[in-house]
Amino acid sequence: MADDTHSGTQVPGEHGGGAFPPFDANNFAPQLVWLAITFGALYFLMSRIALPRVANILDNRQKKITGDLDAATAMRGQADAAGAAYEKTVADAKGRAQATAQQTRDKVAAESDAQRKALEAELNAKLEAAEQQIAATKTQAMSNVGSIAQEAAEAIIRQITGVTPDAAKIAAAVAAAKNG
Amino acid sequence: MAAENAIDPIHQFNIVPFFSDHVGTATFTNASLFMVIVVAAVSFLMIVGTSSQSLVPGRLQSAAEMAYEFVASTVRGSAGHEGMRFFPFVFSLFMFVLFSNLIGLVPYTFTVTSQIIVTFAFAALVIGVVIVYGLMRHGSHFLHLFVPSGVSPILMPFIVLIEVISFISRPISLSVRLFANMLAGHITLKVFGGFVTLMLGAGALTAVASILPLAAIVLLTAFELLVAVLQAYVFAILTCVYLNDAIHPGH
């Protein structure tokens, strides 16, 4: 009798006598059995295969992102370091260039200074030599004044008196005049 | 008989055996078939969809990851970090209910969750897990679930009674909520479908007016789609809330 009502070939409109299908206790056992089988299978598949796999995928992606970010940070650090090294090189080169320029300038200045000093010294030496020569010439000239004066006195006396005067007397007289 | 079937809104809930002429203890029926289909569909999404394990996911893998992260955040949000030990359980439950509801919306299919015994079995499984885990984890301390702290001794017996009743009613409300939503939605759809057939056969004027129930079916189908997803979510989140009681009974 139950078979007639729940065999699935039941005629619509006739099930008023039978139970409402979801409440029909005859249907409970097979549904529970198959639910246990299918849900058990689903739980096994999900907990053993699917969920660890998805967790693994998400974990890998997270690791990849973190790793990439770290690598990017490291590369930026490298770039910064390279930039700093470049700046340092440029600054060093600039400093060296300035030092070289300064050195050259100093050297040139020192050389020209030395040259100038040497020239001055030479000129001074020449000046001194000339002054000495002048002094010598003057001394000599002054020493010649006596003999010129003697000769002139001798000639004058001879012209006037016609006598050749005593040279020694004239010399004494000239010397006396000169020292005057 | 086909026309009569279309009008009969209960016919869709019949259990039909496949390989025998009566329903025995483990008979393979249309309900069993759709349980297998649901498991196959979920497994296809979660196992075949993620088989490439690619760093940049395709469509299926993206959907599988979204399902994973959605359920994981739900579990973590309502049952805490410790609740994650039940994550595979809640995930299987959510996906089974969701796919049952969604596949059931396709015409000519059978809705596994429109059978009270199925939803009640799930609810009983959830409450059974709560009780077994709670007692295993906390022993008699789990019974503090029924004895809230800070209640005066005079009121205590009533409070305990209320707590016990609310605990016992949980599997009932959990199962009836899902079952009734599915049942009512499918009956409504079928009734409106029956209107369309009746009006088409009743005359020219009513045939033109049959567009109205047809439009109602379209709207109802969209609504039922919402209900299908929402009820699966409600089932999962309530499971998490009950599991949270098992993990932290001294609320």
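**Figure 1. Contacts within chain B of the predicted model.** In chain B, residues 24 or more positions apart account for 69% of the contacts with a separation of 6 or more, where contact means heavy atoms within 4.5 Å. This is a predicted model, in which local features need pLDDT of at least 70 and side-chain atom pairs count only at pLDDT 80 or more, while totals for chains, interfaces and linings use all residues. Residues are numbered from 1 along each chain as its sequence is written, chains are lettered from A in the order in which they are written, and side-chain values use heavy atoms, with hydrogens and water left out. Chain B holds eight helices and zero strands, helices being DSSP runs of H or I with at least four residues and strands runs of E with at least two, numbered from the N terminus. Of its 251 residues, 47% count as buried, that is, under 20% relative accessible area with a 1.4 Å probe, protein chains only.

**Figure 2. Helix 4 of chain B.** This helix covers residues 87-104, and at 1.5 Å a residue its 18 residues should span 26 Å, which agrees with the 25 Å between its end C-alpha atoms; the expected span is 1.5 Å times one less than the number of residues. Because 17 of the 18 residues are buried, helix 4 of chain B is largely enclosed by the rest of the structure.

**Figure 3. The surroundings of B:Asn101.** B:Asn101 is found in helix 4 of chain B and is buried, with a relative accessible area of 0%. Its side chain reaches the backbone oxygen of B:Ala228 at 2.9 Å. Leaving aside residues up to four places away in sequence, B:Asn101 touches B:Thr113, B:Leu178, B:Met182, B:Ala228, B:Gln231 and B:Ala232.

**Figure 4. Where chain A meets chain B.** Here 40 residues of chain A are in contact with 54 residues of chain B. The two chains bury about 4,200 Å² between them, 74% of it on carbon and sulfur atoms, buried area being the accessible area (1.4 Å probe) that two parts lose on being put together, summed over both. A:Gln31, A:Trp34 and A:Phe39 supply 15% of the area that chain A buries against chain B, more than any other three residues.

**Figure 5. The salt bridge between the chains.** One salt bridge is counted between chain A and chain B, a term for a side-chain nitrogen of Lys or Arg within 4 Å of a carboxyl oxygen of Asp or Glu. The side chains of A:Arg61 and B:Glu65 meet in a salt bridge, at 2.8 Å from N to O.

Key
Buried means under 20% relative accessible area, exposed over 50%, partly exposed in between (1.4 Å probe, protein chains only). A polar contact is a pair of N or O atoms within 3.5 Å; within protein, one must be able to donate a hydrogen and the other to accept it, and residues adjacent in sequence count only if both atoms are side-chain atoms.
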